[in-house]
Amino acid sequence: MGRRAMLLRLQARHGHGHRSPGAAAPAHDRGWRREARAAWWFGLGLGTVLVVADLARGSLDWPRGCCWAALAGTLVAVLRPARITAGDDWLAARGLLREHRVRTDLLTQVRRADGIAPRLVLRDVIGGRVEVDPRILATNPLLWHRLDTGARRARERGLLRGATPLTDVAERVDGEGARALLRSAGLD
């Protein structure tokens, strides 16, 4: 059976990834609000410092004030993290302007993109693509569980092969979970 036929059959069976009435609530990145708030504070701080410095010099006017506001807004846009959400068989990353989504049960590729900030790049049969910081998965076990469950289904269907980056994240999640358990038991 070809990929296209299998995709159509899976979409008909699973309803395009929409939440069914009995499905569990989506999992969210628990640290997102804190990081988004920090981005806003940094932007506000930069704008305030620039406006106060211009006021002290006596050179603040409307064009300069608008320029400082635009610069502060740009800093917020750069620092604000994507909001990662996962449900039954899907994972989404919501940025400032749009949402990127993949079907985790239809994953075809998982690769690690190294750089300044390492990322996992997930691709599915439908053409969806999402980039996720592996630290978000390590600090949010429910997000990790949803991704891992979907990836296992993709492996069973023969769509995903050799997902070594997921194995690395699984080891990290398991290690951090074991350390947290030992800490809570007082066995540091």
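Reply: Contact here means heavy atoms within 4.5 Å. In that sense, and not counting residues up to four places away in sequence, L122 touches L91, V102, L107, Q109, V110, G128, R129, V130, V132 and L147. Before going on, note that this is a predicted model, in which local features need pLDDT of at least 70 and side-chain atom pairs count only at pLDDT 80 or more, while totals for chains, interfaces and linings use all residues. Residues are numbered from 1 along each chain as its sequence is written, and side-chain values use heavy atoms, with hydrogens and water left out.

L122 is among the residues with the most contacts inside the largest nonpolar core, which has 24 residues; such a core is a set of buried Ala, Val, Leu, Ile, Met, Phe, Trp, Tyr and Cys residues joined through side-chain atoms within 4.5 Å, where buried means under 20% relative accessible area, as computed with a 1.4 Å probe on protein chains only. Among the elements that give two or more residues to this core are β5, β6, β7, α4 and α5, and the largest share, five residues, comes from α5. Helices (H or I, at least four residues) and strands (E, at least two) are DSSP runs, numbered from the N terminus.

Turning to the strands, two of them pair if DSSP finds at least two bridges between them. Strand β5 (residues 107-113) pairs with strand β6 (residues 119-124) in the antiparallel sense over six bridges, R111 having V121 of β6 as its bridge partner, and a hairpin through five residues joins β5 to β6. Strands β6 and β7 also run antiparallel, joined by four bridges, with L120 opposite V132 in β7. In their hairpin, which has four residues between the strands, G127 takes a positive phi near 110°.

With a relative accessible area of 9%, D133 is buried, and its side chain makes a polar contact with the side chain of R135 at 2.7 Å. A polar contact is a pair of N or O atoms within 3.5 Å; within protein, one must be able to donate a hydrogen and the other to accept it, and residues adjacent in sequence count only if both atoms are side-chain atoms. Leaving aside residues up to four places away in sequence, D133 touches P118 and R119.

Finally, helix α5 (residues 141-156) contains R146, which is buried, its relative accessible area being 10%.

Definitions and conventions. Buried means under 20% relative accessible area, exposed over 50%, partly exposed in between (1.4 Å probe, protein chains only).
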